[in-house]
Amino acid sequence: MTGGPAVAVVGFPNVGKSTLVNRLAGGREAVTHAQPGVTRDRKRVPCEWNGLAFELLDTGGIDMGDDGELAADVQRQARLGIAEADVVLLVADAGAGVRAGDAELAKTLRGSDTPVLVAVNKVDRPGEEYLAAEFNALGLGEPLAVSATHGLGTGDLLDRVVELLGERPEREEVDEATRVAVVGRPNAGKSSLVNAFLGAERVIVSERAGTTRDAIDTQVEVDGRPVVLVDTAGLRRRAKVADSVDYYSQLRSERAVERADVALVVCDASEGVTAEDLRIASLAMQAGCATLLALNKWDISTTDIDDARARVERKLRLRPAVITCSATRGRNVDRLLPRALELADRAAERVPTPELNRFVAAVVASNPPPSRRGRRLRLYYAAQVGERPPRIAIQVNDRRLVNRDWAYHLENRMRENYGLEGVPLVIDFVPHSSRRRR
């Protein structure tokens, strides 16, 4: 919980909850699709109206008649959302009328102390507001006719939400949280690991690949430090994403990596570190994200850890650390987040210019850059010009003399000296200007 007011958006599958959340929040935070059952976990989406900031909890569709295992997990997540909400927004479908599922859910909500609003969605034309009248039968007060697609009635709905939330004290300022994106292939155990971090079933876990379809943010504290854990949908090659639901889920996972400080790449240890795992780690690296590899399911693995680490060092320039873990058994779970925060701190550090120049001079002295056509690269001055990730600018006599292998050598020595394994490092060789400033 963030400490601010929250509104749980609940209802039967495919009534337009996520579309309504996007409309109310003024963005495209939640995955939407005509296929029912797209939303499964509960997702927090920030919203503001008339100066009041609150969160919308987008939840999976509640179908009391579906007794499948995944449906039960979805319903449990929705109920948890209801339990932590200050207001519940029950969304119904105007075209479908009052269904048995709506009535059963309404009966549950009537027994709660939390205020409930009924939003009758898909009233897409002016003059069709009468369609909402039928939902008075739910016994939850006057229903409001809205159109998530066209925005009709959403302003009135937000007015009513803010009225029910009442006046709240302003949120206290908190330190900027470190974002840790938990990424990996489908069914590698990402959600299990997030739940293990939290000590609670915050996100749905299933043996069925692709259960998570959205990037789910959860705020935690690690040794008093604020951290946002982002559980993401499994990453695949885009060419293999068959339907649009998975395609947009994929985009949100990639965006979560781009916004993160650290990517925790979860691999299935029973399969070792695969080419796809390495591709995902490279994706994080290219996004400027510090990277840590977690070999999950180690309790059922026969993978040789030394071989896995050697493979990672050969294939990835970042040379990220590889840690074995088991989300189900708790092995090394307590080490992962502190290690991830350590990487975030390394990526934010600055090296003093005199120290950096002494280091570069020592590397050149021990292993000078090779000459090309009788000319040798000369390095004049180095300075750190950026962080997160660290960026180093080195003035040279001629950029065309930069040898790629020697540049990699300098990068690797810098990683070893400053503990930057797993941290993206950018080294720019810039032309030296002999002209003095006037």
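Analyst: The buried residues of helix H1 are Lys17, Ser18, Leu20, Val21, Asn22 and Leu24, in what is a predicted model. An α-helix has 3.6 residues a turn, so residues three or four places apart point the same way. The cover over the buried residues of H1 includes strands S1 (6-11), S2 (43-49), S3 (52-58), S4 (87-93) and S5 (116-121), together with helix H4. Just after H1 comes glycine 26, with a positive phi of about 70 degrees.

Two packed helices are described by the angle between their axes and the distance between the axes. Helix H1 (residues 17-25) packs with helix H4 (residues 154-165) at an angle of about 80 degrees, and their axes are 11 Å apart. Because angles of 65 to 115 degrees count as roughly perpendicular, H1 is roughly perpendicular to H4. On the H1 side the meeting residues are Leu20, Arg23 and Leu24, and on the H4 side they are Thr154, Leu157 and Leu158. Sorted by class, this contact has four nonpolar residues, one polar and one charged. Helix H4 also holds aspartate 156, which counts as exposed because its relative accessibility is 54%, where exposed means over 50%. The C-alpha atoms of aspartate 156 and alanine 145 are 9.4 Å apart in space, for a separation of 11 residues in sequence.

Of the contacts with a separation of 6 or more, 70% are between residues 24 or more positions apart. In soluble globular proteins, nonpolar side chains tend to be buried together. Here the largest nonpolar core has 49 residues, of which Leu193, Leu336, Leu410 and Met414 touch the most other members. Helix H9 (residues 333-348) gives this core its largest share, eight residues. Leaving aside neighbours within four places in sequence, leucine 336 is in contact with Leu193, Phe197, Leu264, Leu292, Ala294, Ile323 and Cys325. Another core, of 25 residues, lies apart from the largest one and has Ala181, Ala263, Ala308 and Leu316 among its members.

H7 is followed by glycine 288, with a positive phi near 80 degrees. The other place is proline 320, in the loop between helix H8 (305-315) and strand S12 (322-324). Proline 320 counts as buried because its relative accessibility is 5%, where buried means under 20%. Not counting residues up to four places away in sequence, proline 320 touches Thr291, Leu293, Val312, Glu421 and Gly422. One of these, glutamate 421, is 101 residues from proline 320 in sequence, while their C-alpha atoms are 5.3 Å apart in space.

Definitions and conventions. Residues numbered from 1 in each chain as written. Heavy atoms only, no water. Axes fitted to C-alpha atoms, helices over the stretch in contact; angles between N-to-C directions. Helix = DSSP H or I, 4+ residues; strand = E, 2+ residues; numbered from the N terminus. Parallel < 35°, antiparallel > 145°, perpendicular 65-115°, else oblique. Contact = heavy atoms within 4.5 Å. Nonpolar A, V, L, I, M, F, W, Y, C, P; charged D, E, K, R; others polar. Core = buried A, V, L, I, M, F, W, Y, C linked by side-chain atoms within 4.5 Å. Buried < 20%, exposed > 50% of the residue type's maximum accessible area, 1.4 Å probe, protein only.
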